[in-house]
Amino acid sequence: MSVAAPETGLKFLQCNGCGKLYVPPKYLCTQCDQDDFSEVFSKGAGEVYSFTIIRMPFEEFAEEAPYAFGEIKVNNENLVVPGRFTNEQEKAVKIGSRVSFVKRDGCINWFQLA
Ligand SMILES: [Zn+2]
């Protein structure tokens with residue numbers, strides 16, 4: 001894993017029993033049945049695995065539409081993380097585009113084109 005500081009990184013959970021990584025939330029390891037996890041943080045570089053353009057969002061996000069939302073396959077961790085892309089880039093997002101993690105805002109991970 002490309003390790004980042006907690007305040008700047010993309011958060012994963014790592015099973016303290018077997019070391020398997022998960023995208024939070026996770027309450028039970030599907031590999032070893034442990035329920036004990038540690039938070040680990042990645043720099044979050046990866047590529048766009050899938051995406052869609054949201055044109056009719058929930059009311060609280062109405063002023064932000066249209067915007068891109070998708071899944072990012074993070075390098076090395078072999079995990080797919082849901083996330084949003086910075087608004088000004090929604091027309092440029094493509095499957096396979098290289099992206100980097102920007103920040104976590106509430107429960108949303110933000111990415112930008114690399
Ligand atoms: Zn485990």
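Asp-33 lies in the loop between β2 and β3, strands here being DSSP runs of E of at least two residues and helices runs of H or I of at least four residues, both numbered from the N terminus. Although Asp-33 is not a glycine, its phi is positive, at about 65°. The residue counts as exposed because it has 10 C-beta neighbours inside 10 Å; the classes rest on C-beta atoms placed from the backbone, a residue being buried if 20 or more other C-beta atoms lie within 10 Å of its own, exposed if 12 or fewer do, and partly exposed in between. The model is a predicted one, in which local features need pLDDT of at least 70 and side-chain atom pairs count only at pLDDT 80 or more, whereas totals for chains, interfaces and linings use all residues. Residues are numbered from 1 along each chain as its sequence is written.

The loop that carries Asp-33 also holds Pro-25, which lies between β2 (21-22) and β3 (37-42). The peptide bond from Pro-24 to Pro-25 is cis, with omega near -5°. A cis peptide bond is also found from Ala-65 to Pro-66, where omega is near -5°, and Pro-66 belongs to the loop between β4 (46-54) and β5 (67-74).

The C-alpha trace spans about 45 × 30 × 25 Å along its principal axes. Of the 114 residues of the chain, 20% count as buried. Among the contacts in the chain with a separation of 6 or more, 50% are accounted for by residues 24 or more positions apart, two residues being in contact if their C-beta atoms, placed from the backbone, lie within 7 Å.

The chain is divided into domain 1 (10-42) and domain 2 (46-113), with bounds that come from an automatic or database domain assignment. The C-alpha centres of domain 1 and domain 2 lie 23 Å apart. Six residues from domain 1 and seven residues from domain 2 take part in the contact. On the side of domain 1 that touches domain 2, strand β1 (residues 10-15) gives the most, with three residues. The residues of that side divide into four nonpolar, one polar and one charged, where Ala, Val, Leu, Ile, Met, Phe, Trp, Tyr, Cys and Pro count as nonpolar, Asp, Glu, Lys and Arg as charged, and the others, Gly among them, as polar.

Strand β1 also takes part in an open sheet of three strands, in the order β2-β1-β3 and with antiparallel pairing; two strands pair if DSSP finds at least two bridges between them. Because β2 and β3 stand at the edges, each with a single partner strand, one side of each is left without a neighbour in the sheet. The antiparallel strands β1 and β2 are joined by two bridges, and Leu-13 stands opposite Tyr-22 in β2.

A closed barrel of five strands runs β4-β5-β6-β8-β7, with mixed pairing. The twist from one strand to the next averages 45°, taken between N-to-C directions on a scale from 0 to 180 degrees, with axes fitted as lines to C-alpha atoms. Strands β7 (residues 98-105) and β8 (residues 108-113) run antiparallel and are joined by six bridges, and Phe-101 stands opposite Phe-111 in β8.

Both of these phenylalanines belong to the largest nonpolar core, which has twelve residues, Leu-10, Val-48, Phe-51, Ala-68, Ile-72, Val-74, Val-81, Phe-85, Val-93, Val-99, Phe-101 and Phe-111; a nonpolar core is a set of buried Ala, Val, Leu, Ile, Met, Phe, Trp, Tyr and Cys residues joined through C-beta atoms within 7 Å. At least two residues of this core are supplied by each of β4, β5, β6 (79-85) and β7, and the largest share, three residues, comes from β5. Leaving aside residues up to four places away in sequence, Val-99 touches Gly-46, Glu-47, Val-48, Ile-72, Phe-111, Gln-112, Leu-113 and Ala-114.

Lys-103 is placed in strand β7 and counts as partly exposed because it has 14 C-beta neighbours inside 10 Å. The C-alpha atoms of Lys-103 and Tyr-67, which are 36 residues apart along the chain, are separated by 16 Å.
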